[in-house]
Amino acid sequence: MDRLGAPGAGLAIALENLFPPLPSEVILPLAGFASAQGRMSLVAALAWTTAGSVAGALALYGIGALIGRDRIRAMVARLPLLKLDDLDRTEAWFARHGAKAVFFGRMIPIFRSLVSVPAGVERMRPATFLLYTALGSLLWNTVFVLAGYGLGDNWRTVEEFVGVYSKAVVALVGLAALAFVAVRIVKARGSARRPGRGRRQGAHRAEARELQRDRDF
């Protein structure tokens, strides 16, 4: 940002989409602080960071489109605990709510990047993807750039608050994943036991019939 100004902020945000460990909650408030110091225009900071968000999201959309639906289905079919029915339900959900997922996903850590991949896999209309990505990114970027602009030398305070938000999202995702795995393991064990139990019950009934025939004879 020192060397390139607002375009540098846009480049940093584009890279943040591709490499999530680069935190937007640091880049955006810093861009706002730089604007408050007169090193770049506030409007330019908002415009370039939003353009960077869209560029990064488009790259991930392209990766999803290259992977394609058939490859995703082939991978899911090989994974333990996952079923193609799960993928079918996810695709149906994305078909109904994909635009909202892209819009709100731009405001959720981790999902900010990941949501672009299924959009590409499902071949969401590029115009729709670009519109909702741009709107969601503009909203997210504006909040953080203005926060850095208003806080001045205290712009790092934003990082502390967003860090708590990010950790909460990661914790919820982790708990949901653990719950999913636990349910699938329990169901798999139950399915494995039922056939054996059915065979044992059938054997007991056959033995009982044999004993009854012996008594009758």
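H1 and H2 are roughly antiparallel to each other, because an angle over 145 degrees counts as roughly antiparallel, one under 35 as roughly parallel, one of 65 to 115 as roughly perpendicular and the rest as oblique. Their axes come within 10 Å and cross at roughly 170 degrees, with H2 covering residues 24–36. Axes here are lines fitted to C-alpha atoms, for helices over the stretch in contact, and angles run from 0 to 180 degrees between N-to-C directions. On the H1 side the contact is made by Ala9, Ala12, Ile13 and Glu16, and on the H2 side by Ser24, Ile27, Leu28 and Ala31, where contact means heavy atoms within 4.5 Å. By class, the residues of this contact divide into 6 nonpolar, 1 polar and 1 charged. Ala, Val, Leu, Ile, Met, Phe, Trp, Tyr, Cys and Pro count as nonpolar, Asp, Glu, Lys and Arg as charged, and the others, Gly among them, as polar.

A word on the model itself: it is predicted, local features need pLDDT of at least 70, side-chain atom pairs count only at pLDDT 80 or more, and totals for chains, interfaces and linings use all residues. Residues are numbered from 1 along each chain as its sequence is written, while side-chain values use heavy atoms, with hydrogens and water left out.

Now for the overall picture. The protein has 8 helices and 0 strands, and from the N terminus on its elements run α-α-α-α-α-α-α-α. Helices (H or I, at least four residues) and strands (E, at least two) are DSSP runs, numbered from the N terminus. Of the 217 residues, 35% count as buried, that is, under 20% relative accessible area, whereas exposed means over 50% and partly exposed in between (1.4 Å probe, protein chains only). Among contacts between residues at least 6 apart in sequence, 74% join residues at least 24 apart.

Next, the packing around H3. Two packed helices are described by the angle between their axes and the distance between the axes. H1 (residues 6–18) and H3 (residues 42–78) pack at an angle of about 30 degrees with their axes 7 Å apart, which means that H1 is roughly parallel to H3. The crossing of this pair is right-handed; a crossing is right-handed if the near helix is turned clockwise from the far one by less than a right angle, and left-handed if anticlockwise. H1 contributes residues including Ala6, Pro7, Gly10 and Asn17, and H3 residues including Trp48, Gly52, Gly56 and Leu60. The contact of H1 with H3 holds 12 nonpolar, 6 polar and no charged residues.

H3 also packs against H7. The axes of H3 and H7 come within 8 Å and cross at roughly 140 degrees, so the two helices are oblique to each other, and their crossing is right-handed. Among the residues that meet here are Thr50, Ser53 and Tyr61 in H3, and Phe129, Ser137, Asn141 and Tyr149 in H7. This contact has 15 nonpolar, 7 polar and no charged residues.

Within H7 (residues 126–151) sits Ser137. The side chain of Ser137 reaches the backbone oxygen of Thr133 at 2.7 Å. Leaving aside neighbours within four places in sequence, Ser137 is in contact with Thr50, Ser53 and Arg106.

Arg112 is placed in H5 (residues 111–114). Leaving aside neighbours within four places in sequence, Arg112 has contacts that include Glu16, Asn17, Ser24, Ser53, Trp140 and Asn141. The C-alpha atoms of Arg112 and Glu16, 96 residues apart along the chain, are separated by 9.7 Å.

Arg123 has a positive phi of about 55 degrees although it is not a glycine.

The table gathers the accessibility of these residues.

| Residue | Relative accessible area | State |
|---|---|---|
| Ser137 | 0% | buried |
| Arg112 | 3% | buried |
| Trp140 | 7% | buried |
| Arg123 | 56% | exposed |

Key: A polar contact is a pair of N or O atoms within 3.5 Å; within protein, one must be able to donate a hydrogen and the other to accept it, and residues adjacent in sequence count only if both atoms are side-chain atoms.
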